[in-house]
Amino acid sequence: DAYLAAIDQANGALNAYVAVTADKARDMAKASDARLAKGEGGVLEGIPLGIKDLFATEGIHTQACSHILDGFNPRYESTVTANLWADGAVMLGKLNMDEFAMGSSNETSYYGPVKNPWRKKGSNLDLVPGGSSGGSAAAVAAHLCAGATATDTGGSIRQPAAFTGTVGIKPTYGRCSRWGTVAFASSLDQAGPIARDVRDAAILLKSMASVDPKDTTSVDREVPDYEAAIGRSVKGLRIGIPKEYRVEGMPGEIETLWQQGIAWLKDAGAEIVDVSLPHTKYALPAYYIVAPAEASSNLARYDGVRYGLRVPGKDIADMYEKTRAEGFGREVKRRVMIGTYVLSSGYYDAYYLRAQKVRTLIKRDFETVYADGIDALLTPATPSAAFGIADQDMASDPVKMYLNDIFTVTVNMAGLPGIAVPAGLTDEGLPLGLQLIGRPFDEETLFALGSVIE
Ligand code: GLN
């Protein structure tokens, strides 16, 4: 009831929730109370969560914040949310996001932008919460849920977490099932939590993760007790500092934050090692070929017949064109056009195939430093703090918006785990995050290191 009241009060201004499931929340909470009264109950019994609109929730608003999925109420539950409910969690509602998770500011949502609960000192300018999981990050930061689900294809958990002073972890590709999560770029998409602190993130990830016969890319590996890794000694761990992440034009405060993070880890007994990931500079262009290519294929299913919106036409081709023209927003159309272009014959070898080769080189960069005995890498999470809603620079040039992902996309390209942890404030009082990148399936080390930094 306290969370529902808080949503009632603040959501009009923040626009973090696109659907509030108050009756369902109360029913689930009552069922939790009953289980607890009998001495039963799971690890998340009664914990109220917000769910990103990308996760299918049975009979409940699931639109990936796109007009094209109007009225779509799936008849199935995503594996990740089913895992959370099985552990006793309670659903408060569905959270705003960039349309089909394409964006870095939550401004591409059909439901309008989300406002960051943070503002610069003495300013009343509204800031973006980051994206695509902007609703998840804003809701957690504003106490409109105890934790939230999110997804990360190229930074969508870590960048909004950094912009809102929350913790977000993208686990290793395959750690969480993608089944029932609306697909964006299937070889990059991973679910993970956004939470108030590292411990909450560890507890939520343990519940979300599982092998799943319905997603053959999910991995059959025991899910460790992530919470137990918190507070574990980091003495002797070798932390790599990749020099390619010191990008031109990066504000001095980000460099200072990075040095501060290095000092904290050193104080805790970790060894700091300068390393090189030479192909980093190609990650962003390669990502913006691979992700749109996969998206253009995944989004072919929205044909006005099987899901959501249908705009009538004079014949089926006309109906299909009108539905897609009206149903998709500008950024989604841009991705579909780029994706179909790079996959078309004559361009496939020059763009798509080449980007896949670059992806292999990026992955090898990480394999090389890990083979040299590096346990994890420390980088800034974002090249800046949160920026203003309707920022002119970004609005006029989509590539400027894409630059937000410069520190996060490599991790998706290589399938590795990455966590963003709040590490300080700018002079103007905005949160900044640091990112830790781990070895495949070594989320535990990230939780151990993250708890030193937060
Ligand atoms: N901002 C990136 C994009 O627009 C990443 C999105 C994501 O991780 N879902 O593609």
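A: Arg158 lies in helix α5, which covers residues 158-164; helices (H or I, at least four residues) and strands (E, at least two) are DSSP runs, numbered from the N terminus. This is a predicted model, in which local features need pLDDT of at least 70 and side-chain atom pairs count only at pLDDT 80 or more, while totals for chains, interfaces and linings use all residues. Residues are numbered from 1 along each chain as its sequence is written.

Q: Why is Arg158 called buried?
A: A residue is buried if 20 or more other C-beta atoms lie within 10 Å of its own, exposed if 12 or fewer, and partly exposed in between, with C-beta atoms placed from the backbone. Arg158 has 35 other C-beta atoms within 10 Å, and therefore counts as buried.

Q: Which residues does Arg158 touch, not counting residues up to four places away in sequence?
A: Two residues are in contact if their C-beta atoms, placed from the backbone, lie within 7 Å. With that exclusion, the residues that Arg158 touches include Asp152, Lys170, Thr408 and Gln435.

Q: Which residues does the UniProt annotation "active site" cover?
A: The annotation, from an unreviewed entry, covers Lys52, Ser132 and Ser156. These residues are spread over 105 residues of sequence, yet they cluster in space, the largest C-alpha distance being 11.3 Å. UniProt positions are given in the numbering used here, feature names are shortened, and annotations may be inferred rather than shown by experiment.

Q: What makes Ser132 buried?
A: Ser132 is placed in the loop between β3 (90-95) and α4 (134-141). It has 34 other C-beta atoms within 10 Å, and so it is buried. Among the residues that Ser132 touches, beyond those up to four places away in sequence, are Met97, Asn106 and Ser156.

Q: Why is Ser156 called buried?
A: Ser156 sits in the loop between β4 (147-152) and α5, and it is buried because 37 other C-beta atoms lie within 10 Å. Leaving aside neighbours within four places in sequence, its contacts include Ala101, Ser132 and Thr151.

Q: Why is the chain called as compact as a globular protein of that length?
A: The secondary structure of the chain comes to 15 helices and eleven strands. Its radius of gyration is 21 Å, close to the 22 Å that the globule rule gives for 454 residues, so the chain is as compact as a globular protein of that length. The radius is taken over C-alpha atoms, and the rule is 2.2 Å times the number of residues to the power 0.38.
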